[in-house]
There are 2 protein chains.
Amino acid sequence: VRCEVIAVGTELLLGQIVDTNSSWIGEQLASAGIDSHFQTKVGDNATRIAESLRQALDRSDAVIVCGGLGPTHDDITRDVIANVMGVELVRREDLVLKIRAMFEARGRDMPENNLRQADVPDGADTIAQQPGTAPGLVCPIGDKIVYAVPGVPSEMREMVLGTVLPDLRARSGEVATIGSRVLRTWGRGESGLAELLADRISELDNGGKATIAFLASGAEGLKVRITAKARDQAELDAVLDAEEQVLRALLGDLVFGTDDDTMESVILDLLAARGLTLAVIEVATGGYLTTRLSVHAAFSDVLRGTLIPCDEDLVDELAGARRADAEDGALRLAEAARDRFGADVGIAVGPVLPSAGGGVTVAMAWVVAEEAKAWSTSLPIDVERIRQYTGITLLNDLRLQLEPPFCC
Amino acid sequence: VRCEVIAVGTELLLGQIVDTNSSWIGEQLASAGIDSHFQTKVGDNATRIAESLRQALDRSDAVIVCGGLGPTHDDITRDVIANVMGVELVRREDLVLKIRAMFEARGRDMPENNLRQADVPDGADTIAQQPGTAPGLVCPIGDKIVYAVPGVPSEMREMVLGTVLPDLRARSGEVATIGSRVLRTWGRGESGLAELLADRISELDNGGKATIAFLASGAEGLKVRITAKARDQAELDAVLDAEEQVLRALLGDLVFGTDDDTMESVILDLLAARGLTLAVIEVATGGYLTTRLSVHAAFSDVLRGTLIPCDEDLVDELAGARRADAEDGALRLAEAARDRFGADVGIAVGPVLPSAGGGVTVAMAWVVAEEAKAWSTSLPIDVERIRQYTGITLLNDLRLQLEPPFCC
């Protein structure tokens with residue numbers, strides 16, 4: 001089965017929203033072994049949506065249309081699909097009741113507009129999952145199929161995972177399974193990794209069972225992706241396992257995790273396994289580090305608290321007004337974090353300071369039992385990059401300290 | 001001039017990278033008054049890149065192809081364009097020298113592969129800006145034009161701004177300027193806004209000078225976008241100004257800002273204008289609120305600090321172990337924030353608590369001089385949504401308190 005994605009919305013073409021939905025859907029299709037050769041963005045224009053839809057149906061078996069199912073006048077995906085199917089829209093009374101009930105439950109008046117969301121192309125099914133008021137659609141056109149899902153990411157994801165992918169899998173006679181595994185690394189740049197893996201990549205190019213790609217991903221580190229195709233999941237897992245072992249032997253402790261691991265989840269797990277608690281003081285990163293740590297369930301057992309001192313007097317009080325240099329200040333902040341929150345481990349990111357080369361310098365430090373380390377790094381002036389780079393670099397250094405043979 | 005964008009790269013289809021380049025180019029084209037009706041993502045496959053390119057040339061005057069100009073074997077954009085032009089690739093000696101020199105300057109050996117980047121379709125021009133080793137291309141095909149730019153965002157941006165847009169403007173006989181203004185709102189849903197603006201939208205549909213669209217954007221609030229086309233910037237500004245006034249009269253204090261304003265920048269500006277400082281305690285939002293506040297330059301004058309208590313004992317200490325309920329606890333946290341950091345205004349988000357309906361409840365509060373308010377809200381279990389919704393809701397309520405006629 002070949003499946004295309006069409007993202008609908010003038011705001012996507014104008015760049016007012018980045019189309020992350022298509023990327024996410026592409027990822028799901030790939031891991032389900034479904035080929036996807038084209039993704040198109042088109043504005044809220046009936047003629048052009050219809051043109052894109054007809055073309056996608058010409059060259060693929062299935063199309064996922066994302067967006068344009070809302071209640072307002074520029075939401076025309078329903079109308080266009082009915083037109084391409086050559087049928088009328090039918091107002092479904094069960095959906096009308098459901099939409100009215102949803103507004104009543106929230107104690108809000110229902111704008112009449114919202115009833116447009118109860119209109120369904122004749123012959124189409126609706127998608128049961130309805131976190132919002134816009135139902136998704138499953139629309140057969142000859143032996144092909146069009147799925148329509150809302151542009152709201154959480155609703156789109158629920159419908160794609162719950163209905164669209166299972167339906168596509170059922171339609172697919174194919175037995176091949178494509179899958180990837182990502183090794184998460186930190187400590188070397190992309191070309192450094194390529195050099196370490198050059199021989200292995202040549203071997204794989206000459207008839208290997210897997211392919212390798214690199215991907216720089218900011219605070220997610222540098223990803224090394226292994227991709228393979230196999231007859232079934234068991235064979236796929238075996239190929240990915242074997243290749244992971246080969247690459248780990250070459251990359252050593254540059255690898256901090258796999259797939260959905262993040263540097264933050266890895267650190268929380270390492271600390272939890274050792275029964276250690278953590279406290280944070282962050283200045284330059286302004287809450288970024290804690291925001292990333294606290295999305296993981298393990299944070300509540302490990303993280304005792306974070307202090308973000310913005311006021312200069314407060315920074316001086318915590319870091320010592322007479323600190324020798326930025327590194328010394330960061331070290332005192334890490335100690336202050338540990339002591340103030342009564343934690344075992346303290347980490348700190350100091351303030352952003354101007355550096356000689358026109359960029360900035362940020363100091364960071366960790367304190368674990370009797371061990372401590374402080375250092376600083378020079379960065380270009382770019383808030384997001386400073387946050388990402390400082391955060392992952394600090395946690396990675398703490399990881400190397402906590403991993404065996406360290407014990408405490 | 002109509003211009004399409006084709007983003008080339010299998011990693012884009014597989015969702016391993018989000019295609020932010022097309023969005024950025026779309027934004028630049030829009031503000032240059034150049035229509036762009038389709039954007040396509042296609043993999044590193046010669047047949048399918050050629051198909052996309054031919055189709056784009058069929059329905060538009062110009063195409064920007066982004067990506068696939070690198071030195072590796074899967075970078076085939078050059079070859080495909082030569083093929084569609086019906087010409088050969090010519091190795092340009094001046095480019096060979098330039099690429100060799102670039103490697104020498106960096107003291108690195110040049111892989112022979114890199115010389116592929118000196119190949120240019122016969123009859124094409126190269127783009128002078130070359131931050132990397134891949135030159136951009138300007139390729140005439142009949143009376144139409146194809147631009148090829150690298151996928152590396154910084155190189156792509158330099159070439160688009162420096163060469164592609166000026167060239168497109170020069171080709172365009174059109175004098176029209178398209179522009180948008182976004183009103184940022186919070187407090188009503190999309191359909192609620194549509195109802196408030198229904199009459200105005202009908203008026204505009206019947207021959208108005210602007211169009212209106214809605215856009216739900218999480219922590220960015222609900223955007224109302226006004227788009228207009230005019231002969232020049234002055235006329236455009238006048239149309240947008242007039243329409244903004246009409247919509248503001250209908251929306252009242254739902255509007256918290258325009259364009260690049262965020263709820264956080266608005267709050268910081270309001271506090272700064274009143275000489276007030278702010279302190280934050282956030283539990284449920286885990287640093288999210290401070291991370292968003294601290295990207296704005298004004299934060300250093302306004303925000304004294306943030307405390308993120310994760311440990312339950314610490315929450316009890318701050319919120320009062322015998323607090324009457326979640327709202328009472330949030331109020332005490334807001335007071336604790338204000339008092340601990342010596343600030344004028346304290347805001348707080350309490351812990352995530354399970355709620356009767358299967359979701360969660362989060363309490364929040366603000367304290368400003370003698371005034372204080374605490375309330376709670378029920379939300380589905382979704383970390384990101386809890387953070388976004390709670391953050392913008394709390395700050396919006398503080399905004400309504402701080403805006404005139406309040407004075408302190």
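In chain A, strand β13 (residues 278–282) runs parallel to strand β14 (residues 303–309), the two pairing over four bridges; strands here are DSSP runs of E with at least two residues, helices are runs of H or I with at least four, both numbered from the N terminus, and pairing takes at least two DSSP bridges. Val280(A) has Thr306(A) as its bridge partner in β14(A).

This is a predicted model, with local features needing pLDDT of at least 70 and side-chain atom pairs pLDDT 80 or more, while totals for chains, interfaces and linings use all residues. Residues are numbered from 1 along each chain as its sequence is written, chains are lettered from A and ligands numbered from 1 in the order written, and side-chain values use heavy atoms, leaving out hydrogens and water.

Zooming out, ten strands make up an open, mixed sheet, ordered β17(A)-β16(A)-β15(A)-β13(A)-β14(A)-β14(B)-β13(B)-β15(B)-β16(B)-β17(B). The β17 strands (371–379) of chains A and B sit at the edges with a single partner strand each, so one side of each lacks a neighbour in the sheet.

Helix α3 (residues 46–59) of chain A packs against α3 (residues 46–59) of chain B at about 150°, axes 14 Å apart; axes are lines fitted to C-alpha atoms, for helices over the stretch in contact, and angles run from 0 to 180 degrees between N-to-C directions.
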